[in-house]
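Subject: Structure handover

Hi,

Here is the structure for your files. My notes follow below it.

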Amino acid sequence: MNYSGIKYTDMINGEGIRVSIFVSGCSHKCVDCFNSETWNPNFGNPFTESVENEILSYFKKYDKSIKGLSLLGGDPTYIDNIEPLRNFILKFKTNFPEKSIWIWSGFTFEMILANPKLLSLIELCDVLVDGKFNKDEKNLNLKWRGSNNQRVIDIQKSLKLKEIVKYID
Ligand code: SF4
């Protein structure tokens, strides 16, 4: 898996101060995508063990001020990103079980629920921002997403209650 960038003090993508990883690879081809160079899974640099360790060290150093990890793209649920991200999240959760993990996907939550491979990644996370960016529903006033069709979903509550529970409206 490649990544295009890491923001170490990100206050835009999710709640609180977070570390955000922008992975490469996306198959959704949304019209007016803000980040189309990241559709190519080979864009950016390899997400190596040394990059992983750098992120974990940062969390150790700034443990109190960082609320969690955000996974964006491209698409973190792009097929080739699932295993590497699962492995990293499992490592991350062992070290920082109390930190939240937010993830963005071009797939809807319903599509993810119907696909065990996608679900195997999403179920490790806390909050999902789902669905493709739709330019006809673009809304600059929304928090954490770009168009009205996209939802901010509480993953764990939704899985437990077997219905979609929004994290915010
Ligand atoms: S899912 Fe995100 S990265 Fe992929 S095409 Fe849509 S807006 Fe762009």
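Lys162 is placed in the loop between helix 5 (155-161) and strand 8 (166-168); helices (H or I, at least four residues) and strands (E, at least two) are DSSP runs, numbered from the N terminus. This is a predicted model: local features need pLDDT of at least 70, side-chain atom pairs count only at pLDDT 80 or more, and totals for chains, interfaces and linings use all residues. Residues are numbered from 1 along each chain as its sequence is written, and side-chain values use heavy atoms, with hydrogens and water left out.

Lys162 is not a glycine, yet has a positive phi of about 55°. Lys162 is exposed, with a relative accessible area of 74%. Trp144 also is not a glycine and has a positive phi, of about 70°. Trp144 lies in the loop between strand 6 (127-130) and strand 7 (151-154). Trp144 is buried, at 12% relative accessible area. (Buried means under 20% relative accessible area, exposed over 50%, partly exposed in between; 1.4 Å probe, protein chains only.)

**Ligand**

Around the ligand are Cys26, His28, Lys29, Cys30, Cys33, Phe34, Trp39, Gly74 and Phe133, each with a heavy atom within 4 Å of it. Gly74 lies in the loop between strand 4 and helix 2. The peptide bond from Gly73 to Gly74 is cis, with omega near 10°.

**Ile55**

What does Ile55 touch, leaving aside neighbours within four places in sequence? Ile55 is in contact (heavy atoms within 4.5 Å) with Ile6, Tyr8, Val19, Ile21, Phe47, Leu69 and Phe88.

Best wishes
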